[in-house]
Amino acid sequence: MKVDRRKAIALLGLGAATPAMAQAAGKVAFNHGVASGDPLQDRVVIWTRITPASPGGTVAYRWRVNPVDRRAGGAKQGSGVTGADRDYTAKVDVTGLDPGRAYTFEFEAEGVTSPTGRTITLPKGGTKDVVLAVASCTLYPNGYFNAYRAIADLPRVDAVLHLGDYIYEYGGPGSYGMNSPVAGERPHDPPREIISLADYRQRHAQYKADRTCRRPMRARPGSWRGTITRRPTTAGCTGRRTIRRRRRATGTPARRRR
Ligand SMILES: [Fe+2]
């Protein structure tokens with residue numbers, strides 16, 4: 001039997017398909033990382049998802065934003081409460097920041113601290129240059145998100161632009177992309193076409209649980225264009241647009257469009 005590198009990795013259980021969820025008993029966890037997005041000169045949106053210790057109820061959290069440089073002043077902090085109605089996500093449009101300044105940010109809930117993210121506001125006036133990383137069409141069952149790893153490893157990226165298809169709505173065997181050599185070890189969750197808001201949240205959680213997927217947005221601000229659906233579904237296009245808008249409102253560090 002011929003065993004190529006990918007099959008060997010799968011057989012040895014070394015693939016990144018289902019990362020272990022680190023959650024201490026009775027404690028909340030930050031299994032879906034932190035991210036920031038839509039920076040302006042004086043503000044940026046920070047985001048996380050808190051996996052509750054047990055289903056139901058609410059979780060109170062605090063957030064902190066600290067300048068990376070040693071200049072005095074500029075730190076911000078606040079608090080909030082999240083729950084099942086917003087899928088235990090926390091999203092804060094942090095204002096009063098300085099232009100062109102780098103910050104770290106983190107959340108804390110019930111004594112557990114999130115990973116530390118890093119972001120930067122837009123500069124004032126003209127800029128000599130800008131480095132943008134552009135991603136699109138990221139299909140979980142099609143690979144290990146190596147392009148995300150390459151973006152995260154670049155020495156300089158000022159912002160990540162995701163142009164669409166951050167997740168895919170397709171389902172299980174026989175659907176688009178499922179002939180990939182790694183589809184068997186990276187099946188979509190849920191294993192069917194997603195239709196409801198709960199489906200969308202479950203699928204996004206699967207993508208963000210992949211450490212490689214969430215690395216680029218942890219280190220610099222991002223911007224998302226959403227998911228494109230090209231074919232009619234049982235939910236209908238209008239219903240699906242509404243569901244996507246509701247999910248985006250809580251599940252992405254994107255500022256509300258005016
Ligand atoms: Fe695509």
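Predicted model: local features only at pLDDT ≥ 70, side-chain atom pairs only at ≥ 80, totals over all residues.

**The setting of Pro 221**

Pro 221 belongs to the loop between H4 and strand S11 (222-224). Leaving out residues up to four places away in sequence, Pro 221 touches Ser 36, Gly 37, Pro 39, Val 44, Thr 119, Ile 120 and Ala 159. Gly 117 and Pro 221 are 104 residues apart along the chain, and their C-alpha atoms are separated by 9.5 Å.

**The whole chain**

Now zoom out and colour by secondary structure. Five helices and eleven strands make up the list of elements in the chain. Of its 258 residues, 31% count as buried. Among contacts between residues at least 6 apart in sequence, 71% join residues at least 24 apart.

**Helices H2 and H4**

Select residues 146-153, which form helix H2, together with residues 211-219, which form helix H4. The two helices pack at an angle of about 30°, and their axes are 8 Å apart. H2 is therefore roughly parallel to H4, since angles under 35 degrees count as such. Their crossing is left-handed. Display the side chains where they meet: H2 contributes Tyr 148, Arg 149, Ile 151 and Ala 152, while H4 contributes Thr 212, Cys 213, Arg 215, Pro 216 and Ala 219. The residues of this contact comprise six nonpolar, one polar and two charged.

Move to the loop between strand S9 (132-135) and H2, where Phe 145 is placed. Phe 145 has a positive phi, near 60°, although the residue is not a glycine. Most residues other than glycine have a negative phi. Phe 145 is also buried, because 24 other C-beta atoms lie within 10 Å.

Select Pro 141, which is found in the loop between S9 and H2. With 21 other C-beta atoms within 10 Å, Pro 141 is buried. Which residues are in contact with Pro 141, leaving aside its neighbours within four places in sequence? They are Gly 177, Met 178, Ser 180, Val 182, Ala 183, Arg 186, Pro 187 and His 188.

**Tyr 88**

Proceed to the loop between strand S4 (76-83) and strand S5 (89-94), and select Tyr 88. Tyr 88 is not a glycine, yet its phi is positive, at about 60°. Tyr 88 counts as buried, because 24 C-beta neighbours lie inside 10 Å.

**Pro 190 and helix H3**

Select Asp 189 and Pro 190 and inspect the bond between them. This peptide bond is cis, with omega about 0°. Most peptide bonds are trans. Pro 190 lies in the loop between strand S10 (159-162) and H3.

Finally, select helix H3, residues 197-209. H3 has 13 residues and reaches 18 Å from its first C-alpha to its last, close to the 18 Å expected at 1.5 Å a residue. Which residues of H3 are buried? Highlight Tyr 200, Arg 201, Arg 203, His 204, Gln 206, Lys 208 and Ala 209, which are the buried residues of this helix.

Notes: Residues numbered from 1 in each chain as written. Helix = DSSP H or I, 4+ residues; strand = E, 2+ residues; numbered from the N terminus. Buried ≥ 20, exposed ≤ 12 C-beta atoms within 10 Å, placed from the backbone. Contact = placed C-beta atoms within 7 Å. Expected span 1.5 Å × (residues − 1). Axes fitted to C-alpha atoms, helices over the stretch in contact; angles between N-to-C directions. Parallel < 35°, antiparallel > 145°, perpendicular 65-115°, else oblique. Left-handed = near helix turned anticlockwise from the far one by under 90°. Nonpolar A, V, L, I, M, F, W, Y, C, P; charged D, E, K, R; others polar.
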